[in-house]
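Please read the following report beside the sequence and the model.

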Amino acid sequence: MTSSEMDAGSGERPVLLVLADSLSYYGPKGGLPSDHPDIWPNIVARQLGWDVELVARIGWTSRDVWWALTQDPRVWSAVPRAGAVVFAVGGMDSLPSPLPTALREQLRYVRPPALRRVVRSGYQWLQPRLAPLGWPVALPPRLSVEYLESSRAALEYMRPELPVIGTLPSVHRSEAYGKVHAGRPDAVAAITTWSEEKNVPLVDLAEAVRANVFSDRGNPDGIHWGWDGHTEVAAAMLTAIRAAAVVPDSAEGAVPADPVSSGAE
């Protein structure tokens, strides 16, 4: 069943289900609500005439995609209506994490608050100084691919015809990670091999956002993108989705993309 057939048959618009990290909803000045018109998932959905279900959080890896797919009821309700699913993760997986990832994830649970602030400050001081080691990464490529494949296979079991789109990691120039991204080549190789074996279309986030990240128009943190980055990712994602989901070039009810529709700078 194509997305157009699903739309006509059910009376509901297809859903673009995006499982992602913070790159999907951060702009040049910080995090934004999921309905902000200028983040790439909403640009894509406007062009397709679809709805969006964005399930994302800062620091998410491929492992978190699997957890969201198996534990989040928002995802369960979106899958039956989905016109396509995007795994927009991988950047965090490939970042240097010389301190255990579990330590970072557990900092919020440290008590009392005064101790938590001390521990967090220590982590934030050590992370950029150890990052130049480049190793280990937050999630090894082998595990990233295992989680991606588990997620893809689960979706295929439920909806064999449902298109799944993957992504290659973005790039960064973040001082918090010592401007080091030595884990990216191995991640790209592993994800590319998986995509070829499972026929999963890929969008190269780095190719789409490199110019923006290394300009003065991105987020000052050196990781997140400015509006140009979101516009370029949306364009690349539209191409991949239209090819995989057999979506007409001019979807009924689609609204032209406007990178400054909300007056964003």
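The report below moves from the strands to the helices and then to individual residues.

This is a predicted model, in which local features need pLDDT of at least 70 and side-chain atom pairs count only at pLDDT 80 or more, whereas totals for chains, interfaces and linings use all residues. Residues are numbered from 1 along each chain as its sequence is written, and side-chain values use heavy atoms, with hydrogens and water left out.

**The sheet**

Helices (H or I, at least four residues) and strands (E, at least two) are DSSP runs, numbered from the N terminus. Two strands are taken to pair if DSSP finds at least two bridges between them. On these terms, five strands form an open sheet with parallel pairing, in the order β4-β1-β5-β6-β7. Because β4 and β7 (202-204) stand at the edges with a single partner strand each, one side of each is left without a neighbour in the sheet. From one strand to the next the twist averages 20 degrees; axes are lines fitted to C-alpha atoms, for helices over the stretch in contact, and angles run from 0 to 180 degrees between N-to-C directions.

Strand β1, residues 15-20, is mostly covered, since six of its six residues are buried, where buried means under 20% relative accessible area, exposed over 50% and partly exposed in between (1.4 Å probe, protein chains only). V15, L17 and L19 point one way from β1, while L16, V18 and A20 point the other way, and all are buried. β1 pairs in the parallel sense with β4 (residues 51-56) over six bridges, and six bridges also join β1 to β5 (residues 82-88), again running parallel.

Within β4 lies A56, a partly exposed residue with a relative accessible area of 23%. Leaving aside residues up to four places away in sequence, A56 touches A20, D21, S24 and Y25, where contact means heavy atoms within 4.5 Å. The C-alpha atoms of A56 and V89 are separated by 9.3 Å, although these residues are 33 apart along the chain.

**Helices α7 and α8**

Helix α7 (residues 141-158) packs on the sheet, where it touches β5 and β6 (164-168), and its direction makes about 175 degrees with that of β5. Two packed helices are described by the angle between their axes and the distance between the axes. The axes of α7 and helix α8 (residues 184-198) come within 9 Å and cross at roughly 30 degrees. The two helices are therefore roughly parallel to each other, given that angles under 35 degrees count as roughly parallel, over 145 as roughly antiparallel, 65 to 115 as roughly perpendicular and the rest as oblique.

The crossing of α7 and α8 is right-handed; a crossing is left-handed if the near helix is turned anticlockwise from the far one by less than a right angle, and right-handed if clockwise. On the α7 side the contact is made by P141, V145, L148, E149 and R152, and on the α8 side by D186, A187, A190, I191, W194 and K198. Sorted by class, this contact of α7 with α8 has seven nonpolar, no polar and four charged residues, with Ala, Val, Leu, Ile, Met, Phe, Trp, Tyr, Cys and Pro counted as nonpolar, Asp, Glu, Lys and Arg as charged, and the others, Gly among them, as polar.

Also placed in helix α7 is S151, which counts as buried at 0% relative accessibility. S151 touches V65, W66, L69 and F87, not counting residues up to four places away in sequence.

**Backbone features in the loops**

| Feature | Value |
|---|---|
| R111 to P112, cis peptide bond | omega about 0 degrees |
| W135 to P136, cis peptide bond | omega near -5 degrees |
| K179, positive phi, not glycine | phi near 55 degrees |
| N199, positive phi, not glycine | phi about 60 degrees |

P112 lies in the loop between α5 (101-106) and α6 (113-130), and P136 is found in the loop between α6 and α7. K179 belongs to the loop between β6 and α8, while N199 is placed in the loop between α8 and β7. N199 is exposed, with a relative accessible area of 69%.
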